[in-house]
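Please consult the structure while reading each answer.

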Amino acid sequence: MANTITVKNPATGEVIKEIKKFSQEEVETALRKGFDYFPKWAKTNAHKRSELLNNWAVKVRENKAELAKMMTMENGKPLKESYGEVEYAASYIDWYAEEAKRIYGRMIPANTETKRIIISKQPVGLVAAITPWNFPAAMMTRKAAPALAAGCTFIVKPASETPLTGIRMIELAHEAGIPKDAIQYVTGSGKEIGDLFTDSKYVRKITFTGSTSVGKQLIKNSANTVKHVTMELGGHAPLIVAKDADVELAAKETVTTKFRNAGQTCVCANRVIVHEDIVDEFAEKFVQFAKQLKIGNGLDKGVDIGPIINKSSYEKIVDQITDAKKKGADVLLGDQFDTDEEKDYYFVHPTILNNVNEDMDIMHEETFGPVAPITVFKELDEAVKLANNSPYGLAAYFFTNDYRTGIYLHEHLEYGIIGWNDGGPSAAHAPFGGMKESGLGREGGLEGIEPYLETKYLSIGNL
Ligand code: SIN
């Protein structure tokens, strides 16, 4: 088996770089180093950890142009989105640099005069992370920053499609003064390294962003050593447009959530559920806005939609469109592809399907591409039923100007992240994560540091 990984530009199929695959021994050495360094990092005072994290954020911003270009080349997303992601990644470091100083314990009043009860927090230990290709910088800092802030050491395996951005981010952490053994990376096969992570007696926590099937395997494998797990898994976000919605706003925000990163995000709106009285107006506006999106190489000026990451993802998208059309869906836009199998690049034009129903695969399988299926509802509880009819529970969106409808939907949608008249709810200062098979735990916000901490209870008696 080759001991290198070939990193390709998905917009052209060209090879960008060959990088080494870590051997089993090298991965084990890295884990050992992270484990050995843990007590030292945990003892580094919180203000110092915060200062080092702040230095890292400065370095990331100083190198924004280089990181953004690298990200567009290996991931394909438009350069403006890559700039946005570098800033998004830095915002997690900013946030957790501050949270490092706010890891509070508490004192509980005892039921006798001779006792004191003290609760304190301590870092869980060495954290092993596996990060995805769709957000190579932000999904890493969303895990690394709270881990380091809490006093944990950290090791990451970046996705093999897009390792260069993650590696550069780690180098910048070292340049910022974060000790080499406090934050490390390893590269190689996801399955092999995942197994080494979950089997390792040195690792106390696994954190993963990726597919539900891989997440389930990691959870199972982590059970042998009862590791902590945070899982940010698949999604199949519904987007409900109520009868009283501002249709223009709904259409614009649907474009924002649906076509970000060519539809390759876990929180993309994947099922557009519109009240039957306004569906024609909504569909017309949605098509009008989506038509303006320019498709192409993300490095070219004005491009809004880049390529699909690889052939198998592209084929899944085409299968969903074909299945929907066969079962009666109408194509309002797109269903067009620019591909070259020999060169190995695959572009899918923004595609909008109407008259979609629950018999179609696209309503049940996660869509990781720029395809939006529209279906209709009459009564609100029908929309909720459709929306909740999924094993996933990551993100949901709804558009309404009626506060009663809004509160009803908020209370009844079984989703961890909800955007009300908002197609872009993600933020470093808010908890991101899903219900049901979309995951375990939250990343970001106050909640995002908790999974890296143990609670210790001290009872002092006989005073
Ligand atoms: C994801 O797709 O998993 C992350 C998207 C985000 O943070 O907004």
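Predicted model: local features only at pLDDT ≥ 70, side-chain atom pairs only at ≥ 80, totals over all residues.

Q: Which element gives the largest share of the lining of the largest pocket?
A: The pocket is lined by 38 residues, and those closest to its centre are Trp133, Phe208, Gly210, Ser211 and Val214. Two or more lining residues come from each of α7 (190–199), β8 (203–209), α8 (212–222) and α11 (311–326). The largest share, six residues, belongs to α8.

Q: Where does the largest cavity lie?
A: A probe the size of a water molecule, rolled over the atoms, shows where empty space is left. The structure holds one cavity of 30 Å³ or more, and the space in the largest cavity is about 70 Å³. Because domain 1 (4–233 + 438–460) and domain 2 (237–427) both give residues to the lining of this cavity, its place is between domain 1 and domain 2.

Q: How many charged residues are in the lining of the largest cavity?
A: Of the 13 residues that line the largest cavity, Phe135, Met139, Arg142, Glu232 and Phe432 lie nearest its centre. By class, the lining has six nonpolar residues and four polar ones, while the charged residues number three.

Q: The charged end of Arg142 sits over the ring of which residue?
A: Arg142 is among the residues nearest the centre of the largest cavity. Its charged end is 3.9 Å from the centre of a ring, that of Phe432.

Q: The charged end of which residue sits over the ring of Phe135?
A: Phe135 is another of the residues nearest the centre of the largest cavity. The charged end found over its ring, 4.0 Å from the ring centre, is that of Lys77.

Q: Is the aromatic pair of Phe22 and Tyr185 stacked or edge-to-face?
A: A search of the whole structure finds 10 aromatic pairs. Phe22, in the loop between β2 (15–20) and α1 (24–43), and Tyr185, in strand β7 (residues 183–185), are 163 residues apart in the chain. Their ring centres are 6.0 Å apart with 70° between the planes. Because planes over 60 degrees apart count as edge-to-face, the pair is edge-to-face.

Q: Which residues do ring pairs link into a cluster?
A: Two aromatic rings are described by the distance of their centres and the angle of their planes. In this model, ring pairs link three residues into a cluster, namely Phe259, Phe282 and Phe286.

Q: Is Asn261 buried or exposed?
A: Most residues other than glycine have a negative phi. Asn261, however, has a positive phi of about 55°, and it is found in the loop between α9 (247–259) and β11 (269–275). Its relative accessibility is 1%, which means that Asn261 counts as buried.

Q: What is the relative accessibility of Asn355?
A: Asn355 also has a positive phi of about 55° although it is not a glycine. This residue lies in the loop between β15 (351–354) and β16 (371–377). Asn355 counts as partly exposed because its relative accessibility is 46%.

Methods:
Residues numbered from 1 in each chain as written. Heavy atoms only, no water. Phe/Tyr/Trp six-rings, centres within 6.5 Å; stacked < 30°, edge-to-face > 60°. Helix = DSSP H or I, 4+ residues; strand = E, 2+ residues; numbered from the N terminus. Lys NZ or Arg CZ within 6 Å of the ring centre and 35° of its normal. 1 Å grid on protein atoms, 1.4 Å probe; cavity = no way out; pocket = protein on both sides within 12 Å on 5 of 7 lines; lining within 4 Å. Buried < 20%, exposed > 50% of the residue type's maximum accessible area, 1.4 Å probe, protein only. Points joined across faces, edges and corners; volume = space filled by probe spheres on them. Nonpolar A, V, L, I, M, F, W, Y, C, P; charged D, E, K, R; others polar. Domains from an automatic or database assignment.
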